[in-house]
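Subject: Structure for you to look at

Hello,

Here is the structure I said I would pass on. Please open it first, then read the notes below it.

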Amino acid sequence: MLIFAFMNNLNLDESPRGRQLQAFNRLLDVMDELRAKCPWDRKQTLESLRHLTIEETYELSDAILKGELQEIKKELGDIMLHLVFYAKIASEQQAFDIADVLNAQCDKLIFRHPHIYGDATAQTEQEVKQNWEKLKLKEGNKSVLGGVPSSLPALVKAMRIQEKARGVGFDWDDKTEVWKKVQEELKEFENEFNIADTTTVNRERATAELGDLLFSLINFARFLDLNPEEALERTNLKFISRFQYMESEAAKAGKRLQDMNLEEMDYYWNKAKKH
């Protein structure tokens with residue numbers, strides 16, 4: 001807190017950086033007070049905050065996909081509060097405080113950017129990523145894939161695995177080869193069942209082939225510089241919007257979707273697409 005008080009005396013609040021430092025200092029003060037006086041805040045632990053942080057992260061993701069800048073600002077504030085909250089709890093346990101967190105992050109960034117802070121060179125994004133993975137191994141990681149969190153959603157995890165493998169040169173040379181792999185995996189998936197008789201499907205083998213197909217599609221998307229998680233979420237949002245429009249229009253006509261046949265629902269679906 002002393003450094004913030006010193007900066008305040010210098011009237012740094014008149015500059016953008018000064019305003020930012022004062023705002024962060026204010027958040028720390030509010031966190032201290034809530035932790036001391038609020039029954040709910042006093043009760044929280046690292047474990048109890050975990051699922052709330054995950055929820056806030058997804059809410060930020062939603063706001064970004066929708067392009068709602070004011071919502072992004074709000075969700076960033078919620079996540080910032082959680083970060084400060086974790087550090088506050090840790091400081092009470094005499095493990096570390098927010099200054100330790102920020103300084104450790106700065107040290108890591110400086111170490112992992114020797115092309116900025118050292119004598120290494122990196123002219124392209126790919127060279128930066130390759131240097132990054134090599135330095136992480138020097139830090140003690142036994143595997144390039146060791147830094148991929150096991151709790152990541154499967155689609156996001158596949159993206160991170162492929163990116164990290166690419167960082168050490170394990171990748172296809174050309175996207176046409178990747179597309180051939182997608183077609184190969186699609187054929188192998190198709191071979192696992194008969195469209196006319198789905199009762200004979202070996203679910204274990206079909207599941208394995210479906211996983212291979214999805215992994216290859218994600219790989220191809222990466223070669224096109226497309227984010228498959230974002231693409232799928234945008235389709236989810238589009239489907240939700242159209243489906244809810246169907247429900248609304250059907251209700252206006254005094255109908256319910258569950259009482260309609262598929263032909264009737266198709267009418268409202270096409271109407272929703274035009275809308």
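The model is predicted.

I began with the second largest pocket. Its lining divides into eight nonpolar, five polar and five charged residues. Those nearest the pocket's centre are T57, Y58, L152, P153 and V156. Helix α4 (46-66) contributes most to this lining, with eight residues, while α9 (154-167) and α12 (228-252) are among the helices that supply at least two each. The volume of the pocket is about 560 Å³.

The whole structure has 16 salt bridges. One of them joins the side chains of D171 and R222, with N and O 2.9 Å apart. D171 is in the loop between α9 and α10 and R222 is in helix α11, so this pair ties together parts 51 residues apart in sequence. R222 is buried at 15% relative accessibility, whereas D171 is partly exposed at 25%.

Another salt bridge, between K181 and E185, has its closest N and O atoms 3.1 Å apart. Both residues lie in helix α10, four residues apart, or about one turn of the helix. E185 is buried, with a relative accessible area of 5%, and K181 is partly exposed at 26%.

Finally, E71, K74 and E75 are linked in a salt-bridge network.

Regards

Methods
Residues are numbered from 1 along each chain as its sequence is written. This is a predicted model: local features need pLDDT of at least 70, side-chain atom pairs count only at pLDDT 80 or more; totals for chains, interfaces and linings use all residues. Side-chain values use heavy atoms; hydrogens and water are left out. On a 1 Å grid over the protein atoms alone, a cavity is a set of points where a 1.4 Å probe fits but cannot get out, and a pocket is an open set with protein on both sides within 12 Å along at least five of seven lines; lining residues have an atom within 4 Å of a point. Grid points are joined across faces, edges and corners, and a volume is the space filled by probe spheres set on the points. Ala, Val, Leu, Ile, Met, Phe, Trp, Tyr, Cys and Pro count as nonpolar, Asp, Glu, Lys and Arg as charged, and the others, Gly among them, as polar. A salt bridge is a side-chain nitrogen of Lys or Arg within 4 Å of a carboxyl oxygen of Asp or Glu. Buried means under 20% relative accessible area, exposed over 50%, partly exposed in between (1.4 Å probe, protein chains only).
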